[in-house]
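Please open the model in your viewer and keep the selection tool at hand.

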Amino acid sequence: MENWDGNEGTSAFHMPEWMIQFADQKQEFNKRPTKIGRRSLSRSISQSSTDSYSSAASYTDSSDDETSPRDKQQKNSKGSSDFCVKNIKQAEFGRREIEIAEQEMPALMALRKRAQGEKPLAGAKIVGCTHITAQTAVLMETLGALGAQCRWAACNIYSTLNEVAAALAESGFPVFAWKGESEDDFWWCIDRCVNVEGWQPNMILDDGGDLTHWIYKKYPNMFKKIKGIVEESVTGVHRLYQLSKAGKLCVPAMNVNDSVTKQKFDNLYCCRESILDGLKRTTDMMFGGKQVVVCGYGEVGKGCCAALKAMGSIVYVTEIDPICALQACMDGFRLVKLNEVIRQVDIVITCTGNKNVVTREHLDRMKNSCIVCNMGHSNTEIDVASLRTPELTWERVRSQVDHVIWPDGKRIVLLAEGRLLNLSCSTVPTFVLSITATTQALALIELYNAPEGRYKQDVYLLPKKMDEYVASLHLPTFDAHLTELTDEQAKYLGLNKNGPFKPNYYRY
């Protein structure tokens, strides 16, 4: 782990007045090593364009209006047409959803209240590519309240809540997204966000890396004015490290995905709750006694396994990492190779972020009515392309649920066409997304306000003090009371009373 010490050259991270005043203003910034070895992900732009997430809660799922939003002429109540959504008339429904989400996102609302007087993002022009949900809307409106101008597209083709996109467009946000985009629509929307006369982005907020790579591919000169990139997904972070390793990363980037608050809360606790929700809504299945294989025992896999075990399922785990494998064994799960259990399991869940984890050979050997789904960011984990052959019949059962039928009558139940289950087929807990969104907002503030020279053209982690701050903003929801160190205790431990409380190498 390489460290950058604020004493050398430029001042260290400084908490503005609107944040909790920590006594110790010296902070090391941790730069993630650029040597990623076998973890590098070889994904092309075209492969990643349909990494998909969605919510089944959209009011427009059953809409009989098949006209493409690109062919519509729509204006909001202020006369602006700088957006492209399914139906601007649904803005009122979307506004209600945003208001509900605000109640479960206390840290963002606190950040908005504390910082809006100072406007730490005044002059920021943020182009974003994330899920367009009520939770994202709260983040976008917070960024707006802090002084930023925003333009937004969806990071996938299924995740957008049409009514929320309409509410944002009605509020004056240039949003280009709708549920069920084609791949051509997907890239068109990103381009409309970036390529606009008289508007030059100076910050990027990305989820998956598609927006970043589109700018590299089409508008590389824009990076001359861009101060930094904030990326929140495993896939997007891998792509940033690839750029860094190749010497092609020309601006600093913040790796939000590996922040403690993102890894431990969004990945673990979010998936622990949403895996069951997604499976129930799509299949109405009973979990008790079902045999399930979960591919990958990282934070996402841990959450999925814990939830399924608690419901009485018999859970197997596959892993490549001996440390994660040993954790699975100690947690009471049987560690297997996929080939060993593929004929007997009722559900297959991928949680790796890799490619071709479930191959056509595995799919051919599955039992009748086996449910196949993905909880990783990438849509490459299940080899869905191999199923689009003449001898197999696809039968749409309900939204995001397909039966793939073999010539002998055997069928598998494929959810969300192999894309992310929870955001494609259900919703995710708003409170957990509040943690991630707050971390994203603080990363944007830090990169935007950092003096020249603080960050080089590399990928960085946020300081631990920032993670602790994000966590502290969420504690009042639980009426939680932190214990404070005495002077004697702090001296004994060699800590500042206000943190950070753990060394950078600590594993929570």
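**Stop one: a helix**

Select residues 299–310, which make up helix H10, a run of 12 residues that reaches 17 Å from its first C-alpha to its last, close to the 16 Å expected at 1.5 Å a residue; that expected span is 1.5 Å times one less than the number of residues, and a helix here is a DSSP run of H or I with at least four residues, numbered from the N terminus. This is a predicted model, in which local features need pLDDT of at least 70 and side-chain atom pairs count only at pLDDT 80 or more, while totals for chains, interfaces and linings use all residues. Residues are numbered from 1 along each chain as its sequence is written, and side-chain values use heavy atoms, with hydrogens and water left out.

How many of the 12 residues of H10 are buried? The count is 9, where buried means under 20% relative accessible area with a 1.4 Å probe and protein chains only; among them are Gly-301, Cys-304 and Leu-308.

**Stop two: charges over rings**

Now select Lys-227 and Tyr-448, where the charged end of the lysine sits over the ring, 4.4 Å from its centre. Such a charge has NZ of Lys or CZ of Arg within 6 Å of the ring centre and within 35 degrees of the ring normal. Arg-151 likewise has its charged end over the ring of Trp-199, 5.7 Å from the centre.

**Stop three: an aromatic cluster**

Finally, select Phe-186, Trp-187 and Trp-214, which form one aromatic cluster; rings of Phe, Tyr and Trp (its six-membered ring) pair if their centres lie within 6.5 Å, and by this rule the count comes to 9 aromatic pairs.

Technical notes. Phe/Tyr/Trp six-rings, centres within 6.5 Å; stacked < 30°, edge-to-face > 60°. Helix = DSSP H or I, 4+ residues; strand = E, 2+ residues; numbered from the N terminus. Buried < 20%, exposed > 50% of the residue type's maximum accessible area, 1.4 Å probe, protein only.
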